[in-house]
Amino acid sequence: MTLQISSLEVGYGKRQVVKGANLTIGKGELVGLLGSNGSGKSTLIKTIAGINTPTSGSITWNGDADLAKLARRDLARIVAYVPQSIGLSFGLDIREAVLLGRTPYFGTRPRDEDWAHVDAAMQRMGLEDLGDRAVTELSGGQGQRVLIARALAQDPQILLLDEPTSALDIRYQWQTLAVARDVTRKNNVAAVIAIHDLNQAARFTDRVVFLQDGVVIAEGRPADVYSPELIKRVYGVEVELSLHKGFVQVHPLSERDQSALGLHSTPPEPTHDPRTVEQRGYATA
Amino acid sequence: MSSVQTESHSPPLPHSLPTNTRKPRDRYTGQKLAIGFGIAAVVITALVGIQIGTSGATLVNVLQTFWAKITGTVPTDRTTLLMHNVIWELRLPRVLLAILGGAALAVAGTLFQGLLRNPLVSPYTLGIAPAAAFGASLAIVVFGATAGSAAVSLVIGALLFSFINTALVLSLASSRNLHATTLILVGIALSQLFGALTACIQYFAEDEVLAAIVRWTWGSVNNSAWYQVLALFALLALAFPYIRFRSSALNAIAFAGDDSAKSLGVAVSTVRLQTIAIAATLTAVTIAFTGIIGFVGLVAPHIARLVVGPNHRFLIAFSAIIGALLLVVADAVGRLVISPGVIPVGIIDALVGAPIFLYLILSRQKAIE
């Protein structure tokens with residue numbers, strides 16, 4: 001039971017954002033997608049979710065048909081997508097917001113079965129007492145839990161999380177990541193999470209994949225792949241690594257640290273990425 | 001949150017009973033009751049509205065007229081015949097046009113607000129009103145300002161340019177996948193364009209023509225006719241089942257955003273294109289008959305949301321009810337205050353509606369945000 005991505009190419013217009021990505025993700029496995037802004041993390045995730053269309057390559061689940069060729073509604077019964085916490089308007093109540101996850105399953109009127117999934121997902125995310133509250137009244141962390149509950153109500157086999165923690169404070173970041181890992185294990189889904197924080201990725205994911213300019217440049221267990229050279233290459237920063245309770249941790253070095261350690265002080269290359277800031281922003285938007 | 005919506009949910013379930021889900025019919029009782037009461041309110045205000053006017057009419061007259069029309073009998077007595085004609089040819093089409101026009105504008109407003117995910121948009125955001133005004137102005141200039149001969153040409157002019165405008169907006173924005181912001185900006189640009197074209201006509205027009213153009217832009221149901229009532233009824237009867245069928249897709253687009261809606265299995269571009277085309281058609285046909293009636297399309301969806309909540313499955317029907325009520329009441333008030341004179345419904349609508357809307361915004365801020 002694996003999600004298999006082979007030579008995947010995705011682009012906006014003439015510009016290729018994902019270039020020949022190969023990835024395998026197993027059931028019950030949480031894989032962290034790492035890379036600088038504009039490296040193609042979001043694009044890759046959105047392509048698996050059917051939001052973007054690949055130009056070539058394939059995405060298969062259990063060796064079956066190409067997911068990119070499935071009808072949208074059928075795809076939505078297999079793959080669920082959790083976006084960054086977004087501004088919610090019009091005061092939908094939480095139960096109805098979670099019910100949106102059942103959209104691929106019912107027509108106009110939700111069935112008993114749909115409500116059962118909604119209640120189960122809400123209970124799973126500890127939202128059962130908040131059902132009648134408007135989503136506009138929620139804190140960022142609760143909002144993110146609603147989005148994950150919505151994805152669970154979708155009853156997916158593949159769970160995709162696109163930088164779900166970037167709008168949250170540290171407490172909710174940890175809570176969200178713990179929930180993501182927990183859900184991956186207990187619901188036995190193949191999960192991919194795009195994430196910025198290397199330390200959190202090391203702490204919560206089973207495996208990490210580094211993307212640079214749309215190409216997979218390294219993958220494996222965080223403790224195995226993290227290295228000062230790789231991180232310098234991907235992010236353009238000098239770092240030291242340490243182990244904390246068995247998890248590899250990354251510590252960026254300041255200019256002063258570097259001279260004190262006798263390292264050759266090189267400023268980050270300014271033209272590391274030839275594209276403009278706007279273009280890169282668009283790629284992750 | 002409105003009281004109606006809160007009542008529709010029973011208290012949270014105890015932890016030990018996760019699978020004991022409540023029957024779906026219990027969940028939306030409040031919404032269904034609200035729609036039932038709303039329909040009754042529309043019927044009652046309509047019956048009252050028909051009675052209002054210079055030549056007076058009682059409920060008995062109204063019912064007698066209906067009965068005479070159903071049975072096909074023609075009254076022999078001259079006064080009764082006159083009364084029947086006033087009710088059937090003037091009052092009834094007027095009240096029905098107010099009901100259907102209000103409903104159509106409110107439904108269009110709800111669709112636009114949901115599809116563009118913006119509580120500030122109205123049926124006119126895409127520039128339909130200035131385009132229709134330009135079409136009507138052109139018709140007035142070409143065919144003259146006299147009402148009788150100009151009525152049909154006015155309708156056709158307004159309708160034609162509304163459709164040209166909508167086609168332009170949709171084709172220009174389709175290069176950007178009909179993104180909400182692109183649609184709104186293209187709409188603003190075309191509003192300015194058609195506004196300037198209308199201003200050109202007004203600048204060079206004779207006083208009489210100018211007066212006719214200005215009168216058209218006020219919006220009223222004074223020139224209502226049965227063919228308009230039937231056209232709008234047919235349009236709503238066709239559009240409503242489709243919109244209802246799309247209500248969960250609308251919910252996903254409105255509350256989850258384009259990307260998430262796609263990941264929930266919704267063909268966002270297709271739904272948006274079809275639904276905007278429907279909303280624009282409802283708006284165009286209504287204002288071709290009535291002129292520009294503002295306010296109701298912006299506000300009825302908000303009032304409805306406060307009562308039944310934002311779920312489009314119920315919101316669309318209830319918006320239609322609120323829109324109908326707003327216009328029927330506004331038209332009745334407009335005929336009463338300076339009787340025998342008539343103030344156009346478009347003016348009264350905002351005069352009556354604005355304070356109600358302000359009260360709702362300030363007293364229940366959370367639901368509007």
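How many residues of domain 1 of chain A are in contact with residues of domain 2 of chain A? Before you click, note that this is a predicted model, where local features need pLDDT of at least 70, side-chain atom pairs count only at pLDDT 80 or more, and totals for chains, interfaces and linings use all residues. Residues are numbered from 1 along each chain as its sequence is written, while chains are lettered from A and ligands numbered from 1 in the order in which they are written.

**Stop 1: two domains.** Select 2–78 + 156–284 of chain A for domain 1, then 87–155 for domain 2; the bounds come from an automatic or database domain assignment. Here 14 residues of domain 1 of chain A are in contact with 11 residues of domain 2 of chain A (contact: C-beta atoms, placed from the backbone, within 7 Å). Now pick helix 6 (170–186) of chain A (helices are DSSP runs of H or I, at least four residues, numbered from the N terminus). Helix 6 of chain A gives the most to domain 1's side of this meeting, with 6 residues.

**Stop 2: a pair of helices.** Over in chain B, show helix 6 (residues 128–143) and helix 13 (residues 268–290), which pack at about 40° with axes 10 Å apart (axes are lines fitted to C-alpha atoms over the stretch in contact, and angles run from 0 to 180 degrees between N-to-C directions). That makes helix 6 of chain B oblique to helix 13 of chain B, as angles under 35 degrees count as roughly parallel, over 145 as roughly antiparallel, 65 to 115 as roughly perpendicular and the rest as oblique.

**Stop 3: one leucine.** Finish at A:L160: leaving aside neighbours within four places in sequence, its contacts include A:I45, A:V79 and A:V192.

Technical notes
Contact = placed C-beta atoms within 7 Å. Helix = DSSP H or I, 4+ residues; strand = E, 2+ residues; numbered from the N terminus.
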